[in-house]
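This briefing covers selected local features of a protein structure. Please read the points below alongside the sequence and the model.

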Amino acid sequence: MQEDSEVNTVLGKIYSLSDDADRELLLRAYNYAQSMHAGQKRASGDPFFIHPCAVAEILLDLDLDAPTIAAAFLHDVIEDTPATKDDIRANFGDEVMGLVEGVTKLEKIQYGSKEDEDAENFRKVFVAMANDVRVIIIKLADRLHNMRSLNYLSKARQQRIAKETLDIYAPLAGRLGIFQIKSELEDLCLRYLDPEMFEYLVTNIHQQMKEREEFVNFVVGELQEILRESDISGEVIGRPKHFYSIYRKMKTQNKTLDQIYDLTGVRVIVSTTEECYEVLGKIHLKWKPVPGRFKDYIATPKRNMYQSLHTTVVTNFGQFFEIQIRTAEMHRLDEYGIAAHWKYKENKTDENNFDLRIDWIRDILDWEGSINDTKEFVDSLKSDLYSSELLVFTPQGKVISLPLEATPIDFAYAIHSEVGHRCVGAKVNNKIVPLNSELHTGDVVEILTSSSDKGPSWDWLKFVKSGSARAKIRQYFKKEMKEENVKTGRTMLEEEAKRRGYKLSELLNDDSFKRLSNRLVFTGVDEMYSSVGYGAVGVNQVINRLIDYRKKENPMPTDVTDIEKVKKTPEGSVTVQGEEQLLVKFAHCCNPVPGDEIIGYVSVGRGVIIHRKDCPNIKGYNPERLQPAKWTGETEEGFQTELKVLTTNDDGVIAFITAEIARMKLSITQLNGRVTKEGGGVIDVFLMLRKRSDMDVLITNLKKDRRILDVFRTVN
């Protein structure tokens, strides 16, 4: 029954089209998709064909063009049926094929996680969107129908998909101005991410609805009277706020539902911009405006080119309500966003709006290529496009939209890449300020530049807030310092590989590089070195994957683990029971030092490998080859070990650690530190020791300081 309903509805809309060529194309796409998906089922048990029909119907309601709707019918056939790209091209042409290919998921590659795969697919869709924005509109319709039928999936999948939708797809619909889709996606996400709150809102808002409707009808009547008295032709509409917007307001403002006054908003739609301001003035004469609740998005549109006047007023008997005032053109752009470009083709002024709405896509594609790691790209995109915005001005009065807490450097790169590269100072409201100063809405910002080729500073990456600024800085270092970056990156990788007991040449070969480049999108080894050198890709990102590839190619033998790298023991420092005149070496994975309980493993062709008894790597060894071992005598040669120190993020903590090590006359071979997401610190200290007791004393002394949370030895 559901299939018949879906099919009949979409067919009826196709037959109602006035253009014969459009109708013929859509019927061919409909029939082709139906035949290719025959016999396939959805998680609900319904025929799969219901899904492409529903996606096409969403786009029909938005009045998208025929090739886009045809691609909606066909968007899953390459991925889920025997149909090929050549089949689609032969039957429907290059335009439809390009749209279908843009939406089709990547060919199956082994990813580290489902999140990695989702990020890769989103990046692919976003890059395709730069060539044709209709790709993302199809993807949004696809996601909307999947969210409508999410109840048939497991709870874990429901929450994962809902979170991804709320983080990426709903904000993207908002960025494109398609608020019909954005609002429904957000409400559906709330239903699965916080079902108790969703049910609470549904129940309680409906209980108040009759009382609210009476109040809204009163406000609408008063506003219609203002229009009549002013001889202004217009429309007044009362609209309930969608659940997620109320939920978000309750969370951000820490209010209960009873404290949220504007559960319903009122829109006044007039003919001209001048009439918008005239009506606003008369509303403020009739009712008192609430201070701080007026926003003029006509003079300063949002980043998605949304325009309207927003004001919150209070009636004579104390009730608050929000009024939005806009022209009819502003209203249709708010309802349909970028889709209005196809819905209202006859409106020539829409061309400028369309270009302005997609400028940000081109800007992002300018820096997309400088980020090799897909997760970092998606995170940068979310940060750049979906964070709350602040509006600042150039000295000429142009409005620049930036993420909250943005700095003059973010502003400079928003103007132009070259302005950012040549920035040497900034004035905010005519006063010189540091380049890491936080900007605020309304600031007038002037960038001071130099004609020299000094370029940006690496330090800027520590405080810039916009993904585009961060990417453009990295892009500069990638382009201008390529040779130096290649050399630096190679050295960094070699040193990290050596620290872990490998040679880079052992890890990096044609096969491992091919697998690595599939994940991190390198075109050559030098590009990989360069990317590491200028910071686009972390050393550990590369080394971790190369080691992982090597482990999979060379699984743990019964003889010795692949991760066990050895070093020669100082002569006479260890004896192994029952074994004489054998080469004895220390395992690098656990770095035993005199005083540790140790055990020897007789390795074929490699002598006896000495491990700490608590080393986890010996669990997989042949027990017949494990032999008791003990320390004998003293040695002047040192033994390397590694300590991990967990700290607070207070000033001077590293200085305290190094001073304590120096006081005990111990040698540091390497020290690495980083700040955790929780705000603490992790410091890896590599030491040369002659006996275990020195390390025990050091650990005890370090733990006496309140800034040291824990200290322990590590095993690789």
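The model is predicted: local features need pLDDT of at least 70, side-chain atom pairs count only at pLDDT 80 or more, and totals for chains, interfaces and linings use all residues. Residues are numbered from 1 along each chain as its sequence is written, and side-chain values use heavy atoms, with hydrogens and water left out.

- E438 is found in the loop between β10 (431-433) and β11 (445-449); helices (H or I, at least four residues) and strands (E, at least two) are DSSP runs numbered from the N terminus.
- Leaving aside residues up to four places away in sequence, E438 touches E405 and A406, contact being heavy atoms within 4.5 Å.
- The C-alpha atoms of E438 and T407 are 5.0 Å apart in space, while the two residues are 31 apart in sequence.

**Helix α2**

- Helix α2 (residues 20-36) has 17 residues and reaches 24 Å from its first C-alpha to its last, close to the expected 24 Å, which is 1.5 Å times one less than the number of residues.
- At the start of α2, a side-chain oxygen of D19 comes to within 2.9 Å of the backbone nitrogen of A21.
- Buried residues in α2 are R23, L25, L26, L27, A29, Y30, Y32 and A33.

**Aromatic pairs**

- The count comes to eight aromatic pairs, a pair being rings of Phe, Tyr and Trp (its six-membered ring) with centres within 6.5 Å; planes under 30 degrees apart are stacked, over 60 edge-to-face and the rest tilted.
- The rings of Y30 and F73 are edge-to-face because their planes stand at 90°, with centres 5.8 Å apart.
- Y30 lies in helix α2 and F73 in helix α4 (residues 66-74), so this pair ties together parts 43 residues apart in sequence.
- Both Y30 and F73 are buried, and together with F49 they form one aromatic cluster.
- W287 and F321 also form an edge-to-face pair, at 5.1 Å centre to centre and 85° between the planes.
- W287 lies in the loop between α13 (273-286) and β3 (288-289) and F321 in strand β6 (residues 320-327), so the pair ties together parts 34 residues apart in sequence.
- W287 and F321 are both buried.

**Cysteines**

- The count comes to zero disulfides, a disulfide being a pair of cysteine sulfur atoms within 2.5 Å.
- C276 is buried because its relative accessibility is 0%, and C423 is buried at 4%.

How values were computed. Buried means under 20% relative accessible area, exposed over 50%, partly exposed in between (1.4 Å probe, protein chains only). A polar contact is a pair of N or O atoms within 3.5 Å; within protein, one must be able to donate a hydrogen and the other to accept it, and residues adjacent in sequence count only if both atoms are side-chain atoms.
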